[in-house]
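User: Could you walk me through some of the labels attached to this model? I would like to see what stands behind each one.

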Amino acid sequence: MSDDDSSAAPRPAPNLVGMGRAELAAEMAGFGAEAFRARQLWHWIYHRGATDFADMTNLAKGFRERLAARYQLARPEVTRALASIDGTRKWLVRFADGQEVETVHIPESDRGTLCVSSQVGCTLNCTFCHTGTQRLVRNLGAAEIVGQIMVARDALGEWPSPPEGRQLTNIVLMGMGEPLYNYDNVAAAMKIVMDPEGLAVSRRKITLSTAGVVPMMARVGAELGVNLAVSLHAVTDELRDELVPLNRKYPVRALLDACRAYPGSSNARRITFEYVMLKGINDSPAEAKELVRLLRGIPAKVNLIPFNPWPGAPYECSGEAAIAAFSDIVFAAGYSAPVRTPRGRDISAACGQLKSDSVRERRSASAYYVRL
Ligand code: SAH
């Protein structure tokens, strides 16, 4: 097939952003460039954050022009940016086909965590999660996942990749979507992100959260070595079937067995169990005791997440006393059980509030709004 086949629709120029090392090397070999050119490009794209071939000053001018004529260096577009009074930032990120996801940055005193989405929408339909009410769903490509980290770096002014003192130190795959229903793209993206000569975020600073896609869990540990978080939320199959319908496929016992077998977990690298606190639903002392019993033998920590409300949500957040009592029981059994302070609630950036379709929440008075 010839490149100038005028009957075919024009193909968009291939995007170098989002290519892994091997892919970029193969692409450059096909382009007739020497192998070290791929390494130079890698450095410009992922370490320096270049958005224009013209800036790549150690490449010959003619080569830069040939690259620019053939390839793109495209990021997704940030179409809206919100900042919470607590410093949390949320970006609405739009991809080439017009689909959007949300990406959230949560600054803390000792770290800054970026919450990254893996799908547009989500198929799991957990009853307490706003994302599950969004109709359209598709997987994000590796470039679209890495792109969220790159636009956050742009907004935070963190190029070249700072060796220390970063505002973006940690990544959690806890945004929209189920990462283990899009494993290949998530894995390709994380391999790019973890490369020490690029974005350079260590696997120890990356946490993948799953609602419990049991058959995929071992691969996460073996192939990526990142931290694992599991959205448990209930201690019986009866209740979990309702809250997290995926439980009907992979029940509590199978999920906990997969956690026990998770490669690389140890007392130094515990699995995080997320537990959303729903008033009168899953927050009794008896359930806290059962949770402790279930976790026996697993290097675990528990994150208690006060339920974040959204318009029309069928639940309320547990009361402070119930949350404290639950936390005390788990803590007394030897597990760390912090209650997660909700962050960015005023801009709907908190857990379970992300949603990117056109129905927009009313802007709250305490958040400011920037149209870009
Ligand atoms: N699908 C993956 C990744 C999403 S992580 C998973 O389920 O783990 C998002 C986390 O926020 C999950 O633990 C989810 O259960 C939790 N969550 C969802 N809705 C919430 C809400 N309204 N309030 C508090 N936490 C919520």
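Analyst: Happy to; below, each label is set against its definition. This is a predicted model, where local features need pLDDT of at least 70 and side-chain atom pairs count only at pLDDT 80 or more, while totals for chains, interfaces and linings use all residues. Residues are numbered from 1 along each chain as its sequence is written, and side-chain values use heavy atoms, with hydrogens and water left out.

User: Why is the contact of Arg 343 and Asp 86 called a salt bridge?

Analyst: The term requires a side-chain nitrogen of Lys or Arg within 4 Å of a carboxyl oxygen of Asp or Glu. For Arg 343 and Asp 86 the N to O distance is 3.2 Å, so the pair qualifies under that cut-off. The whole structure has 15 salt bridges.

User: What makes Arg 343 and Asp 86 a link between parts apart in sequence?

Analyst: Arg 343 sits in the loop between helix H10 (320-332) and strand S12 (368-371), and Asp 86 in the loop between strand S1 (77-83) and strand S2 (89-94), so the pair ties together parts 257 residues apart in sequence. Helices (H or I, at least four residues) and strands (E, at least two) are DSSP runs, numbered from the N terminus.

User: What separates Glu 223 and Arg 219 along helix H6?

Analyst: They are four residues apart in H6 (residues 214-224), which puts about one helical turn between them.

User: How do you know whether Glu 316 and Lys 279 are buried, partly exposed or exposed?

Analyst: By relative accessible area: buried means under 20%, exposed over 50%, and partly exposed in between (1.4 Å probe, protein chains only). Glu 316 has 51%, so it counts as exposed, whereas Lys 279 has 44% and is therefore partly exposed. These two also form a salt bridge, with the closest N and O atoms 3.7 Å apart.

User: Why is strand S9 described as largely enclosed?

Analyst: Five of the five residues of S9 (residues 227-231) are buried, so the rest of the structure largely encloses this strand. Asn 227, Ala 229 and Ser 231 are buried on one side, and Leu 228 and Val 230 are buried on the other. In a regular strand the side chains alternate between the two faces of the sheet.

User: How do you know that S9 pairs with S8 and with S10?

Analyst: Two strands pair if DSSP finds at least two bridges between them. Four bridges join S8 (residues 206-210) to S9, and three join S9 to S10, so both cases meet the rule. S8 and S9 run parallel, as do S9 and S10. Thr 207 has Asn 227 as its bridge partner in S9, and Ala 229 stands opposite Thr 272 in S10.

User: Which peptide bond is cis, and where does its proline lie?

Analyst: The bond from Trp 159 to Pro 160 is cis, with omega near -15°. Pro 160 lies in the loop between helix H4 (142-156) and strand S7 (170-173).
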